[in-house]
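Open your viewer and get ready to click through a few selections.

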Amino acid sequence: MTEPSPSPLPHFFSQLSPRYPQVTEDGKVDTVQFLEASTAFIKIYDLLGAAFYVVKKDMAGNIEKLYKTYNKAPEKYKFLNDMIYLEKEDPSIFAVDALLWLKRALEFTVIFINGLCEEFQRGITSDKLEHLATDAYNRTLKQYHSWLVQNVFKVVVKSVPSKSCLIKSLYFGKVGSEEVLFKEVTAYTSELDKVLKVIVQMYGDWGLDNDQKV
């Protein structure tokens, strides 16, 4: 009698719920599903160390702002696209600014964790991750940060854990397969990337992107 195969070891990405929503045929993103998925996803920063608390806190703050806007008119703001379109003329640009910064931080996170997957595929065995965090920061957030904030982030990226420690954390303290983990990471970030492309396009089409520094 053939023994049943053992169940795959659970990890952060296999347990993430809910997932990011499918983009509709007319290019829209469900607001609540997006916000719920983002709330779950940013818990990854709990695994990156105390220095990354500032990143998670900022992202959580922007998610909260978007919830507040959504709750003003849930039926009208069912889709993220409609919320931003209807709010874009508001002088306070409350939701517009919140989504813009959340999008940038999500891009930073995706580029960083995709870097791990790419190095695995290329057979790179280095245990260091600082260069991946630095590259992700330079490509997504640095240009929007003042000199002071840039220096804060230098400290943050230098505190990133080693690859082996991060992988063990993603497996909730156990030793699991890198191949299995990174396959799931790639599938997850592919779903998120489709949503991010919608946000990028609508901000571009409506002239809502900006290079203002904080």
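On a 1 Å grid over the protein atoms alone, a pocket is an open set of points with protein on both sides within 12 Å along at least five of seven lines, and its lining residues have an atom within 4 Å of a point. This is a predicted model, in which local features need pLDDT of at least 70, side-chain atom pairs count only at pLDDT 80 or more, and totals for chains, interfaces and linings use all residues. Residues are numbered from 1 along each chain as its sequence is written, and side-chain values use heavy atoms, leaving out hydrogens and water.

**Stop 1: the largest pocket.** Select Val 54, Val 55, Asp 58, Asn 62, Trp 101, Ala 105, Leu 141, His 145, Val 149, Val 152, Phe 153 and Val 214, which line the largest pocket. Two or more of the lining residues come from each of α3 (53-72), α5 and α7 (147-158); helices here are DSSP runs of H or I with at least four residues, numbered from the N terminus. Which helix gives the most to this lining? That is α3, with four residues. The pocket's volume is about 250 Å³, where a volume is the space filled by probe spheres set on grid points joined across faces, edges and corners.

**Stop 2: the largest cavity.** A cavity is a set of grid points where a 1.4 Å probe fits but cannot get out. A search of the whole structure finds one of 30 Å³ or more. To see its lining, select Phe 13, Ile 113, Leu 116, Leu 170, Phe 182 and Val 185. Helices α5 (94-121) and α9 (178-205) each supply at least two of the lining residues.

**Stop 3: a surface patch.** Now pick Tyr 85, Leu 86 and Trp 206, a nonpolar patch on the surface with about 290 Å² of accessible area together. Patch residues have over 30% relative accessible area and no salt bridge, and nonpolar side chains (Val, Leu, Ile, Met, Phe, Trp, Tyr) are joined within 5 Å. A salt bridge is a side-chain nitrogen of Lys or Arg within 4 Å of a carboxyl oxygen of Asp or Glu. Areas come from the Shrake-Rupley method with a 1.4 Å probe. Leu 86 sits in helix α4 (residues 80-87).

**Stop 4: the cysteines.** How many disulfides (pairs of cysteine sulfur atoms within 2.5 Å) does a search of the whole structure find? It finds zero. Select Cys 117: its nearest cysteine sulfur, that of Cys 165, is 18 Å away. Is Cys 117 buried (under 20% relative accessible area) or exposed (over 50%)? At 6%, Cys 117 counts as buried, while Cys 165 is partly exposed at 44%.

Note on methods:
Disulfide = S-S within 2.5 Å. Buried < 20%, exposed > 50% of the residue type's maximum accessible area, 1.4 Å probe, protein only. Patch = residues over 30% accessible without salt bridge, like charges linked within 9 Å, V, L, I, M, F, W, Y side chains within 5 Å.
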